Structures are given as C-alpha cells and as structure tokens.
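Subject: Structure handover

Hi,

My notes on it follow below.

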Amino acid sequence: MYEKKELNKIRDKRVDWEENCYSNMVKECPERKNKFENLSATKIKNVYTPEDIAHLDYIKDMGFPGGYPFLRGVYSTMYRGRLWTMRQFAGFGSAEETNQRYKYLLEHGETGLSVAFDYPTLYGYDTDHPLARGEFGKCGVAVSSLQDMEILFSEIPIEKVTTSMTINGPAAIVWGFYIANAENRGISKNAIGGTIQNDILKEYIAQKSFIFPPEPSMRLIVDTFEYGFKQVPRWNTISISGYHIREAGSTAVQELAFTLGDGLAYVKAAMERGLLIDEFAPRLSFFFNAHNDFFEEIAKYRAARRIWAKELRKLGAKKDRSLLMRFHTQTAGCSLTAQQPEINIVRVTLQALAAVLGGTQSLHTNSMDEALALPSEKAVRIALRTQQILAEESGVTDTIDPLGGSYFVEWLTDKMEEETYKYFDKVKRFGGVIPAIEKGFFQREIAESAYKYQKEIDKKERTIVGVNQYKMNEELSIPILKMDEKGEHRQIIRLKKLRKDRNQSKFDRNLKRLRKAALGNENLMPYILDCVHSYATLGETCDVLREVFGEYKEPVIY
Amino acid sequence: MNDIASKVLKGDPRSVARLITLAENSSPEAAGAMKDIHLHTGDAHVIGITGVMGSGKSTLICELTREYRKQGLEVGIIAIDPTSPFSGGALLGDRIRMMELATDNGVFIRSMGTRGMLGGLTTAVYDVVEILDAAGKDIVIVETVGVGQAEVDVIKIADTTIVVLVPGLGDSIQTIKAGVMEIADIYVVNKADRSGVEQTLAEVESLVDIACTNKDRKTPVLTTVAKENKGVVELIDEINKHKKYLKKSKMFEVQRRKRYEAELVEIIRKRLMNFIFDESKFKGKIESLIDQISNKELDPYTAADEILGKILR
Amino acid sequence: MERKIRVLIAKPGLDGHDRGAKIVARALRDAGMEVVYTGLHQTAEMIVETAVQEDVDVIGLSLLSGAHMTLFMDVTRLLKGKDMEDVLVVGGGVIPEEDIPKLKKAGIAGVFGPGTRIEDIVEFVRKNVKR
C-alpha cells in the first residue's frame, strides 16, 4: 500500500523512536503489564504503523462498501441509508405476557422482534411434559402449539415487522407455527420476513439444545433452506451463530473460525442436495457476540465478511447477494456482572459501539440486570435507548467503516483471518465439521479457553471491575422481573382443551404422513405445516421425529 | 456378622456404596466386612471391558446392561478413569453415558479413579468386585480407560475380557500395546456403521488367526453399533459361550485362582506399603533416607536394606 | 491412604449451559478431589441415586435457566427423605439474591453466583465437608 522508499523511512524512524524515545520512557515509567494480549492471546504492540499494513492492496483486500470482498460493509450506503435493526431478544412466561412486552418494545422504538423460548420449547416438549417441571416460561416464552403463536403475535403487524426466533432443534416446527399463523391471518408467505436460528452445529458445539443426531438435523435444515427460498422468500432460514460459542468460553478467533466453519458446512450440505448456491446463499445470515475487547470485536466482524465472501466465491457463488454476509449481534451475556449491575450499562454501550463500528445489520443490547434474571421493563428500555443514542447522537453512523485504514484495526483484521484459516485446516484434517464435533475438537478448544479465562480472573491477571477489583459490599437491589404465577396453569389448561377440541382424524392422519415422509427423502416442511394446521402440538410433532431420527447423545469433554 | 456386611448381603445400595468407599480408603473397618462377605461371593460373572477412548465402551456397557436387565439379571458396573498424577484428583465421566440406568434398582454403577501411585488398576477394584458380587449382582462389568497398563491388569480380575475397537482410527491396532490385544477373550468392533470397518475386521481377524493357531478356542470377533443396540444380544451370546467354555475346560478355576492370587498379593502389598510408608514409626526414617539419597550420601538399595532389615527382624 | 473428597456435579432440568459446571468440575479435580460429572438433563431422582451409589461427600448443582427453586428443592427433599443430610449440597448459576435464603433453609449450604472465584468454591467445600 505504500512506496518502498517511504516504508523504509518510516521503519528507520520507528526503530529510532523505539530505541530512544520509547525505551527512555519505559525506563522511567514501566508499562502497566508484562505482556499486552487480547482475549485471543494475540500479542498487541505498543503502536502500529503503515509497515503493519504495507502488504495490503486497497482495491483487492479492502475495496468499497457493498462490493467484494465486502470488508468495509455489505451495503453501499450502510447506516447512511438505513440504521441497523434494533431487535431486543425477549420472551418469558406465557404468550400473553410476552405479547405485552413486544408491544412495549415496539412502542419504545425497537424496529424488529426477537423471540426467546423457554427450555421445554427449545427441546421440543410441551409445557405439561414431565421433563418440563419447573422450567415453564423461566428463560423464555412457552410455545406448545399454533394457538400459543397466535396469542404471542396478537395485534402485532407481522406483515410490517420482521421476527427473529431463537430456536434450533425444533426450528422447522416453530417456523411452521409462525407461517401458519400468518396464513390464518390472511398474510401471504411472500409478505412475512424474519429469521429462524436453526443452526444445529453450534448446538452440538456450545448451546446444547439439540434433539436429533447430526445427519437428520442437517436434512431438516436443508429442507428449510429449500422451502424458504421457494416459498418464503423474505425469510432467513438460518442464523449461523458464534454468539453461543463465545458464551461457552471460546476466544474471538475461535468464535470467528468455528462459526464460519459451520456456515461452510451448511453450504456444502445444501449443495450436496443439489440446491444452487446462488439460490439459497442470499438467505443465510449470521449471529455474532460483541464482547469486551473493543478493537478485536470490530476486526472480527470485518474479517468475517471478507473470509465469507472469499470462501463462497471459491464454492462457485456468483451473485453479490450470495457473497455478502449479513449478521445480527448481541452484546456478551457472559460479560455481565451481578455485582454493581448498573455498570453493565457501560459495558453494553462499548460492546454495542463495537458492533456498530463493525457494521452489524441488527443488534440486541443486554439489560443491566441480566446476570441475575430476565430484564425488567426499565432495564430493557435503557438497553434500547443505548442503541438509539449510538444511532442518533454519536455521529458514528455518518460515514461507513470509519476505522477502515487504521493501522491497528487492519492489521488485527488480517491476523484474525490468518488464525481462522489455521483452524479451517485443523478441522479439514478431522474430515470436516461433523467428524470434528464427534471427536470433541471444538468442545475441547472451548473448554480449554473457558478454563484459562477463569483462572486468569481468579489470579487477578485479568480485571473484571466490581468482581475482582473495585469491589463493594453492597445490598443488591435491582428489581427482578416477576412473572404471572398463574401462567403455567393457564397454559396447561389451554393445551388440554386444544388436544380435546381439534379434529382428531385430521391430526392422526397428518402425524402419520409426517412419519412416513421422515422415513423417506421428501422435504418435510409441507408435512410439518399440515400437522401444525391441524393443531398438533410441538411435543407431539417432535415425538414423531424423535422416534424416526433418534436422540443425540453428546461426547463428554471438559 | 459385621453390620455393614449384612446390609451389603441384602443388597442395600447405601451400604454397598459405603463399604466401597471404606475399601477404597483402606479403612480398617473395611477388612472386617470384607472378611464376612467373601464366602458369599463367586457367583457373579465378571466382565472386563477395555478399549481406546472414543470406542463407545460406555454406550456398549449401557446397552449390554439393558439387555441383561431384560433377562432379569442384576448388574454392577465399575467405571474407572485415570487419577491425575499431579493433583491426585480425577474427573469421573463414564457414568454420563449410562444415566438412564441411574434409577433402575437392579443396576449399581460406581466410578473410580485409578488412584494407585504405581499406575494400573485402582488397587481397590478387587474389593469392589467382591462387594458387588456379594450384594447379589449376577454380572459385574469393569470398564477401564485407554490402552495402558491398567487395561492389561484387568484380565486378572475378569472372567471374560472384551477389547473394544473402532474403525477408522487407521493404525489403531498397531498403536494399542501388543499386550492389550492379546488379552481379549472377545473382540468387538463397535461403531461398525462407520467406514473402515472392513479393514479393521480384516486386521483383527488376521491377528486372531495367528494367535489362536494352536489354541482350542478361536477368539470371536464381533461387530456392534452400540448406540443403535445392534449386535448386543449376539455379544451376550458370546459371553455366555465363553463362560461355558471356561467351565468345561476347567479354565474357570484356573482364572479364578489367578484372580485370588492377585487379590491376595494386592492386599498384602497394600498393607505392607501402608505399614512402611504411613506408620509414624517409619515415616521419619523414610524421609531422612530419601534426603540422604538425594544428597548422594546413600544409594536406594542400601536404604531399602535398612528399612526392610527393621521390618524383617 | 488419604481420603479423597468425592463430589457430584450435576445439572438438573433442561438447562444446557455447562460452561460453569465443567470449569468447577475441573478445578475440583485440580484440587485433588474425585469428581463425578453426570452431564445434562438430570432429574432429581437420577442425581440422588447417583449420589447414593457414588457415596459422594458433596453435591454441586448448576442451573442457569431459572428453575432452581423447583429443582434444587426437589434434590434436597429427596436427600432428606433418604436420610442423607450429611452430604454437603451447594449450588451455582443464575440465582437472584432474594432466592438464596429460601435455598439455604432448604439445605443448600452455599450458593455461588456469577463472579464467584473458583478458589472460593474449593475452599468452601474443603472447609464444610461434613463426613
């Protein structure tokens, strides 16, 4: 990027500076730490110069926003044209309560909906299943049937606002509930937009809400790709996630490498089925974490875009829409502290800023009380306002990729890309993502990073404000969200009534047909929709698939 | 009779668990109870299962146990994992694969760390086998980890030793110590739905052919897909056939005798070592001898003479 | 032969967040204890039966899904019924302050929420093991 002569001059000046100016300063006043390393254990230098990015070619390696390699942004106008979607992940208790929260959030300016489901729903169990004991509505909303979905979105204009649903094992069925609800309201499948997370590979690796083994799960996912681009064109049928991998304890580099690796595995699976890459790739989306190390996170998002564009081109994608990586970001849950919870607002602000400077398409900011419970109204409102201040008051949205060209950020982006390719090679030697999962490769890497991080905190090599430094002995007085205690009972009564009132023969017939199709090779979405329309519950539908596909047992890795 | 012993004979799980702990810790209370239960042992068929990590041993054991339970038999499982030589602690995770059996009264699962400073099987495992036997278990399965010394030791305890392999590990058979391959009474190639199974079978079968040319029993080689419960019934058949073979050929008595010999040696060794290294009488002396060796003032053999001389006097 | 402290680390219910449980299991192992980890999705019955068979001195329950009041108390109730109150029971995860007194009353001796130093858990176990 620079003239050789110029670079040599800079190098000489730098060496001089290091040997004199810098060294003298250090002698008088030593640096705060022996080593400066970011969260991925990358050594961070004192200062970066043009030398560090001299190898870059602006046009080839950086380019312009909206064009290959999309390093600087996926759209040519980015936030000058449209701000990121403010999409707060929400859900608790019964559908009625969550419906109220959605209305509250929309009223206060959020621009997209995001559904959190409770554990029984995530695992494909109805509220009255014995394993659901104690879990109803605790970490998300309970949805056991189409009826619950109807209540959840009652009076919400789903033809105007998009909905993201964090659901994986039973994603196809819950998507079925959403589609069926829209159809019943007279809204065409062409008009609804949103995302289902539907990323089973990271479940095996990190979040652990899997149901079926890898092969049938991948089949179901490709079924949704196929059904999606043909029938529900505005829908992102997958949100390939790194968030959870990070939350499980990985480093930023691992988050980047494992997520993109998963993404490529899905692309290959779809191509193996015979789907054309330029048909389904435009509807793949991603989901990253926004953790504490400000610049590392920004570099991570930028590197992600460039690597994805490169890799998809290698696989034969021709359309720009197939190459550009769109992603949602959530600020890091695992960085929130229970101690002095108000300061979480500061953490979230920095993390959100990193996501914005990294060019995210959609953003969820955590609430300050989330280390202890689900967010109260006040806390979630502050989280939303955080985004609004970034958008309207900070000026960072006035130009695209403002950190582009920074010696440090470009160098770090490159470094993360280099480290990612090293991981790609390792996984290739295992024979691919699924064999690597079965051998516990990712799980081991994550467990190691998690343990290392915890030891650093215990030994005070890494400071967490309020936890191992600047502590206070205080009474924690954050108002904790209270849920409707009658919600579970109401839900169970509703379920019993639904099972009694539905057309029994239609129900039986559709479940049988689903079972037969599951044993074969057809796309299961139409069969799932038929079951959904005949008010088969989530549990009943999943049980059919559990019976045919079996249940996954994970290898044990510490 | 010792109180805990009588409860163990009735099969009370708390007492069984407690006695195992006492035996593991070489607690003096254990000896009394062990004496009382010994005459009530000998009926259980002891199966040793060994193989590389990732061969699916735990899943196979889980499926075997379910089949045995269907036949109305009670099963005891001893799952052994390595104790860290640095911390002395252990992560005992084999149970995870068998948790669906946790609430079945006819199954008792105990996880143990190898603990022994000398490596190999945990020294208490003989006791635990006897305890589970006395508690009424018809089958006692001993599962060991990896492919080291412990795995070769398992044949001293087991009536039937099963070596579990898995296809696709390439040169896995070569990497498994030769000794381990020799100890198998039955070979099982698990995860037989994976590619490479034909090659693995061919390798094992050729080994068997060579090893069994002059023997009166050819070691069977089976395939299983444990997680789909395939081949498990056939494996039980082979185990039963092996038991019949042992009884017919009188190898059963020979094997049992070897086990009791090993057990006796183990008890004596433990007592001696405890006596020498733990008895306060000698401890100080030992410490000072080690110091002298470290300072090159003495050699280990002379040091040993000194200590043994004191005991044998 | 020194006694080893035997610990059962269990995740009751459907919660799949095992980062903390695994870290604690590993740290206790590094502190010289024998740790039985039973993985995800355990019922209270499975946990208590395992505790019986493994004759553990300590049970550590990890839960981040909010279901701790129901599920932790299921475990302590079963332990009481089996006369196993000499087993030290501790818990961790996402547990609001206001729930801690009730849990302590039910028999959970220590609750280790977000921000806990692992060393503190190890110390607590060593100091409070009853047997």
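Is R69(B) buried, partly exposed or exposed? R69(B) is partly exposed, because its relative accessible area is 26%. Please keep in mind that this is a predicted model.

**A salt bridge within chain B**

R69(B) has a charged partner. Its side chain meets that of D104(B) in a salt bridge, 2.9 Å from N to O. R69(B) sits in helix α4 of chain B, residues 57-70, while D104(B) sits in the loop between β3 and β4 (107-113), so the pair ties together parts 35 residues apart in sequence. D104(B) is partly exposed too, because its relative accessibility is 23%. Over all chains, the whole structure holds 76 salt bridges.

**Chain C against chain B**

How much area do chain C and chain B bury between them? About 2,600 Å², with 51% of it on carbon and sulfur atoms. The contact involves 30 residues of chain C and 31 residues of chain B.

The interface of chain C and chain B has 18 residue pairs in polar contact, both at pLDDT 80 or more. Three elements of chain C each supply at least two residues to the side that touches chain B: α1 (19-30), β2 (34-37) and α2 (44-54). The largest share comes from α2(C), with seven residues. By class, this side of chain C has 15 charged, nine nonpolar and six polar residues.

Strands also meet across the two chains. Strand β3 of chain B, residues 90-92, pairs with β2(C) in the parallel sense, over three bridges. Within β2(C), V36(C) is the bridge partner of L92(B).

**Salt bridges between chains C and B**

Five salt bridges cross the interface of chain C and chain B. One of them joins the side chains of R18(B) and D55(C), at 3.1 Å from N to O.

Another salt bridge is between E54(C) and R95(B), at 2.7 Å from N to O. E54(C) lies in helix α2 of chain C and R95(B) in the loop between β3 and β4 of chain B, so this pair joins two chains. Are E54(C) and R95(B) buried or exposed? Both E54(C) and R95(B) are buried.

Chain C also has a salt bridge of its own. D120(C) pairs with R117(C), with the closest N and O atoms 3.3 Å apart. D120(C) is partly exposed, because its relative accessible area is 37%. R117(C) is likewise partly exposed, because its relative accessibility is 32%.

Which residues do salt bridges with shared partners join into one network? From chain B come E24(B), R95(B), R110(B) and R115(B), and from chain C come R6(C), E34(C) and E54(C).

E24(B) deserves a separate look. It is found in helix α2 of chain B, residues 13-24. E24(B) is buried, because its relative accessible area is 5%. The C-alpha atoms of E24(B) and A124(B) are separated by 5.2 Å, although the two residues are 100 residues apart along the chain.

**A residue in chain A**

Next, T337(A). It is found in the loop between β8 (327-331) and α16 (344-357) of chain A. T337(A) is buried, because its relative accessible area is 4%.

What does the side chain of T337(A) meet in polar contact? The side chain of R347(A), at 3.0 Å. A polar atom of the T337(A) side chain also lies 2.9 Å from the backbone oxygen of Q339(A). Leaving out residues up to four places away in sequence, T337(A) touches N344(A), R347(A), A371(A), I464(A), V465(A) and V467(A).

**Chain A against chain B**

Chain A and chain B bury about 550 Å² between them, 56% of it on carbon and sulfur atoms. Six residues of chain A and seven residues of chain B take part in the contact. The rule finds one salt bridge across this interface. It links E100(B) and K553(A), with the closest N and O atoms 4.0 Å apart. One residue pair is in polar contact between chain A and chain B, both at pLDDT 80 or more. The side of chain A that touches chain B has three nonpolar, no polar and three charged residues.

Best wishes

Key
Residues are numbered from 1 along each chain as its sequence is written. Chains are lettered from A and ligands numbered from 1 in the order in which they are written. This is a predicted model: local features need pLDDT of at least 70, side-chain atom pairs count only at pLDDT 80 or more; totals for chains, interfaces and linings use all residues. Side-chain values use heavy atoms; hydrogens and water are left out. Contact means heavy atoms within 4.5 Å. Buried area is the accessible area (1.4 Å probe) that two parts lose on being put together, summed over both. A polar contact is a pair of N or O atoms within 3.5 Å; within protein, one must be able to donate a hydrogen and the other to accept it, and residues adjacent in sequence count only if both atoms are side-chain atoms. Helices (H or I, at least four residues) and strands (E, at least two) are DSSP runs, numbered from the N terminus. Ala, Val, Leu, Ile, Met, Phe, Trp, Tyr, Cys and Pro count as nonpolar, Asp, Glu, Lys and Arg as charged, and the others, Gly among them, as polar. Two strands pair if DSSP finds at least two bridges between them. Buried means under 20% relative accessible area, exposed over 50%, partly exposed in between (1.4 Å probe, protein chains only).
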